[in-house]
Amino acid sequence: MKKKAALLLATLAVVSATSCPVLAAEPLALPNDEIVQPRWSYLDSVTVSCDRYGNIETDVCVNGGYRYVVTVELRKSNGGFVDSWQEENGDVVASCDLESGVRYYARAIVKVYNSSVRVIETATKNSSTVTGA
């Protein structure tokens, strides 16, 4: 009985020592973010960019003649709010002084309105994270 238990334990030790560890793989990087797009009814596209010098730009394309408002928030990567800008029926182009070494991103929130001034669609898009120069 003791020999069988010892043999079983030895076999389990060998199997566990030779097993391959499982590691989490990096997420698949797509060539660009245009491959997977959300399904919007009134928006063609929403892009927002922020560079390390604090230059922020949006590009919004709306179907038809609908009125829209773009709000851009500059945030620290830890979630802290820094500043915001708003533009009606146009793109936001802004700049802000960034603290060196701190990570930031810009968030664009687009609201599309119908003729009754009701929100018919809302889209949110984040820029990539940058480190202030």
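**Exercise 1. State which residue lies over the face of Y113, and at what distance from the ring centre.**

Solution. In this predicted model, the residue over the face of Y113 is R67, at 4.5 Å from the ring centre. A charge counts as sitting over a ring if CZ of Arg is within 6 Å of the ring centre and within 35 degrees of the ring normal.

**Exercise 2. Classify the aromatic pair of the structure and determine which parts of the chain it ties together.**

Solution. Step one: the structure holds one aromatic pair, formed by Y42 and Y66. Step three: Y42 lies in the loop between α1 (2-18) and β1, whereas Y66 lies in the loop between β2 and β3, so the pair ties together parts 24 residues apart in sequence. Step four: Y42 has a relative accessible area of 26% and is partly exposed; Y66, at 34%, also counts as partly exposed.

**Exercise 3. Give the strand order of the open sheet and identify its edge strands.**

Solution. Three strands form the sheet in the order β1-β2-β5, with antiparallel pairing. The edge strands, β1 (43-50) and β5 (93-95), each pair on one side only. From one strand to the next, the twist averages 10°. Strand β2 (residues 55-62) is joined to β5 by three bridges; E57 has V93 in β5 as its bridge partner.

**Exercise 4. Describe the surroundings of T71.**

Solution. T71 belongs to strand β3 (residues 67-76). Its side chain makes a polar contact of 2.9 Å with the side chain of Q86. Beyond neighbours within four places in sequence, the contacts of T71 include W85, R107 and I109.

Terms used:
Residues are numbered from 1 along each chain as its sequence is written. This is a predicted model: local features need pLDDT of at least 70, side-chain atom pairs count only at pLDDT 80 or more; totals for chains, interfaces and linings use all residues. Side-chain values use heavy atoms; hydrogens and water are left out. Two strands pair if DSSP finds at least two bridges between them. Helices (H or I, at least four residues) and strands (E, at least two) are DSSP runs, numbered from the N terminus. Axes are lines fitted to C-alpha atoms, for helices over the stretch in contact, and angles run from 0 to 180 degrees between N-to-C directions. A polar contact is a pair of N or O atoms within 3.5 Å; within protein, one must be able to donate a hydrogen and the other to accept it, and residues adjacent in sequence count only if both atoms are side-chain atoms. Contact means heavy atoms within 4.5 Å. Rings of Phe, Tyr and Trp (its six-membered ring) pair if their centres lie within 6.5 Å; planes under 30 degrees apart count as stacked, over 60 as edge-to-face and the rest as tilted. Buried means under 20% relative accessible area, exposed over 50%, partly exposed in between (1.4 Å probe, protein chains only).
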